Structure formats: C-alpha cells, structure tokens
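Colleague: Could you take me through the ligand site in this one, up close? I'd like the lining, the contacts and what surrounds the ligand, in one go.

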Amino acid sequence: MTDIKPNLIAGAWSTGVGAIENYNPSNLTDLVGLYAQASVQELDTAVEAAQVAQVEWAAYGLERKQAVLNAIGNEMMARAEELGTLLSREEGKPLAEGKGEVYRAGQFFTYYAAEVLRQLGQNAQSVRPGVDIDIRREPVGTVAVISPWNFPTATASWKIAPALAYGNAVIWKPANATPASAQALAEIIARQDIPKGLFSLVMGAGSDVGQKLVEHRGINAISFTGSVPVGRGIAQAAVGNFTKLQMEMGSKNALAVMDDGDLDLAVAVALGGAFGGTGQKCTASSRLVVHQAVHDAFVEKLVAGAKAMKVGHALEEGTQIGPVVSEAQLKENLAWVAKGRAEGAELACGGEEVERATKGYYMTPGVFLNTTNTMEINREELFAPLTAVIKVGSYDEALHTVNDTRFGLTAGIVTRSLARASDFRARARSGCVMVNLATAGTDYHVPFGGRGESSYGPREQGSAAAEFYTTVKTAYISAGLPE
Ligand code: NDP
C-alpha cells in the first residue's frame, strides 16, 4: 500500500478527503504516488490560520525572514538533481530541464531573500506647512497561489518567494497533474522558522478546491498561471470580492526570421523555442514568421532538425523531447494536427503519436508549412510540440504578422540589422522581446508578463513583483514644533 502524501493545512499534515494517483507520463505503469485532496473545510481552516500567522510573520525581523527564504532556496539548489528527477518523472520534461527548473526555482527564493532588505519607501513634502509625508509598502495579507503543471516548481516559486518576502501568508493550490513537485517544495517550506499556518498546501481539483479558494472572502490577492478560460472565471470571482489579481495565461508567440539573420542561429532558436518542454510553454515559438528570401533554406534545416530530435522517456540519457503531460493533452494535440491539415496547412514532419519501450504519451515534433496567420492553428494556443511557418515578403509584413494576435507574451526576431532589431523592440506588442534568442527563456530578476489575453494585472518577478504583493500606505505626519 502506497502512503498518501498529505496536504499542509494550518501547519499540520493532513491526508484530507481521498487521494489522486499520479502516474509517470513516460511510463504509465510507474505510479509516482498518491496525493491527498483537500476538503473545503480544510481550506477554511488554512485561510483562518494564515490570517493570524501573517501578522506574526510580517513582524519578524528582516534578517529572520531573509534567512527563511535563503534556506529554502539553498536547499532547492542543493537538491536540484533529486527534485529535478522527481519533476521530470511526473511532468515528462527531459531531466536536464527538470533539474534546471528546480535550480532556477531555488534562485527565485535567494533573489527574494535579498529583496527582503531592499524595501525602501519614499518621502515627500506636503503642500501644507509643517506636514511630512512618507510612503511605504505593506503586505497585502493572505495570497492564493494557483499554479500550472508545465513549470510545477518554478512558476509556484516565482509566486511564493515574493509573497513571503513582502510579508504575506500563502495558500498554494498546485496543478493536480504535478502534485509530487508541489509536495516536495511544501515539505521544505514547512521545516523553516515560520509561524504555524503561514504557508498551506491545498492539493485538490481546480474546479472544486481551486474555485472555492478564489471565491474565499479571506483571500486578499490571487496569483494565477494557467489557461485563458479558467483565468476568466477567476477574474469574475475576484472582482466579486474586490480581491487583488494577477494572471499569466496563454500566448501565441512568434519568432520573425529575417533575410539578414544568421540562418543556423535562427534554426537553433526556433527548434529550442518551439519544442523545449515538449512545446508546453506559454513562451513557446508556435509561429515562425519567415522572410521569403530565406524561407526555403530555413525550412529545409528546420525540418531536418525537428526530424533529428530524440523523443523519449524523460529520464533517459539523450532525450530531447519528453512525452506530453497527459492523455487529454495528447488527444488535443493530435486533434490540432488534424485541424491544421483540414485548414490547408502542410505537415512537413512529425505530429504523430509514437511508441517507445515504455507506454507513455509520446509525440513527434511537428512542423506545419504553407500556413497563414488567419488559420486557427495560428490563432489559438496549442501547448503542443507543434509549430507553424508563415512566409512573409518584408520586415514590415513580419512585424505586422507577429503583432496580429490577441495574445502578447513574447516576440522574437533573428536579424543582424540593428535598425530592424531596434524597431522590433519598440513596436512588437508583447511583454517580452527577444533579439537573436528563442522566445522562451527568461531571467528571474526582471519583470515577466505580457499584454492582451496573455496577462492581467501587475508584472511578476524581479522587484516589479512588489506592486502585486504589497499595498501602499501614505502617511501624513505633523510633528509640531520642539518645546
Ligand atoms: P488550467 O487553467 O485548467 O489549470 C491551471 C491551474 O488552475 C491548475 O492548478 C488548475 O487545477 C487550476 N484550476 C482549474 N480550474 C480552476 C478553477 N475553476 N478555479 C481555480 N483554479 C482552477 O490549465 P490546464 O492545466 O487544464 O491546461 C489547459 C491549457 O491551458 C493548456 O493546454 C494550455 O493551453 C493552457 N495553460 C497555459 C499555461 C501557461 O503557462 N500560460 C500553463 C498551463 C496551461 P487542476 O490542475 O486541479 O485542474
């Protein structure tokens, strides 16, 4: 009998109301574990305890808070191999990406440990004589963190670390597809010098415990990463309670490949951007907007590169593309392949379910050619190892095509022209712009977020996160005259 891995409710481990089975998408006979599902009553208990603990935590000295965040980050970095293996085993990304993600997640904690000491206020003169003004930031209170499965450790960490650094309590609802990574991180946080109940883990179904969490009147702020439809529902619940909200959702990122660019570099960044993480990234290069002068040469190398990529078990040496996360996602991906063909796109390679030594959700990387930006495969987020080439006749047409989307997270260009790179940086309508780099891959100390349907609310990461995790207090002080 496998033990049920518990939730953390108000400082106590709890096996809740039943459990889910978590299977390895690279090997469907490998049970990663059983994971508890929180009840609605436990959610109430967690929120009540968080409200009390938050006051105590906010009053901790700066260095005491900093030490907690450093300890979490350092342990994650030290255990990146072990925790990265667990992540890759349950999510399916190649081991190097799993280890890299855990290490990066640790860096979010050590970065925000330093930010604890960098919280400076402002002061101003009043328009009234004898009055001074000071402006400082205070914690928002209790933050609900709702995270996705595609970066189960990093996304949660770039929310939990600033939430704690700026003095808040956290209730974390991770994706039910990746509970093992969540449980491992919760176990590290629970061991720290924090008030009982400051941090709770409420694994459970999004439609049940997730929905109740976002509707909870005891929650002061919600940080969500996931799909647009779920985000829309969360926004409605948040507005009903006037809860502060930050959301990162889907995208349809484009990489423009110019006739003056380094072709080999363009192919390398396109392959990495399109197929890294099995294409299951909100920053994935899912539209490749290619200048007609280099189109044929680019496509030849791109298709050869995609065909050469090794699809396999996430933990196997040499695997470049792991399985997709679930059966539902695989079915959806294959339906997109059929839809693309029906729309008139030519599938140059891949896009097929394949078998490996162990039964899993394996799919070869697919490249669509002869596509137009009006096709549905170029309008909707696919979250699949699929990318589509759109041929354009000029830089202006490329820029227009890149911007012709209702999303706007990242946009990239491969060019040797400083003029085009500068113009693209200024006119691409996205939150992040990449020049001669893949659309995926960002740093942790600078803002991350997008426009349109990609994001809502203040930016995440870097010191920009303070905007969301704090609230501003303006104090007017009339000290009077000395006696
Ligand atoms: P969801 O938006 O359904 O899930 C994201 C998170 O929200 C999960 O923790 C989920 O829990 C939770 N959730 C689901 N419903 C609710 C709700 N009503 N209230 C509160 N929380 C909720 O994404 P999926 O995992 O289903 O992925 C579907 C698609 O979304 C992908 O194919 C992709 O297109 C997009 N996506 C985009 C991501 C990004 O990084 N921008 C990340 C993940 C997905 P649970 O897991 O228990 O359902």
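Modeller: Sorted by residue type, the lining of the largest pocket comes out as 19 nonpolar, 14 polar and six charged residues. Keep in mind that this is a predicted model. The pocket itself has a volume of about 860 Å³, and of its 39 lining residues, Trp149, Phe224, Gly226, Ser227 and Val230 lie closest to the centre. As for where the lining comes from, helix 7 (206-215), strand 11 (221-225), helix 8 (228-241) and helix 11 (327-342) each put in at least two residues.

Now for the ligand: the space it takes is that largest pocket. The elements giving two or more residues to the shell around the ligand are helix 7, strand 11 and helix 8, and helix 7 gives the most, with four. In total 27 residues surround the ligand, the closest being Ser147, Trp149, Lys173, Ser227 and Met249. By type, the shell splits into 12 nonpolar, 13 polar and two charged residues.

On to backbone contacts. A backbone N or O atom of Met249 sits 2.6 Å from a ligand nitrogen. As for cover, the ligand on its own exposes 860 Å², and the protein buries 83% of that.

How values were computed:
Residues numbered from 1 in each chain as written. Predicted model: local features only at pLDDT ≥ 70, side-chain atom pairs only at ≥ 80, totals over all residues. Heavy atoms only, no water. 1 Å grid on protein atoms, 1.4 Å probe; cavity = no way out; pocket = protein on both sides within 12 Å on 5 of 7 lines; lining within 4 Å. Points joined across faces, edges and corners; volume = space filled by probe spheres on them. Nonpolar A, V, L, I, M, F, W, Y, C, P; charged D, E, K, R; others polar. Near = heavy atom within 4 Å. Polar contact = N/O pair within 3.5 Å; in protein donor to acceptor, adjacent residues only side chain to side chain. Areas by Shrake-Rupley, 256 points an atom, 1.4 Å probe, with all protein chains shown as cover. Sits in = over half its atoms within 2 Å of the grid points.
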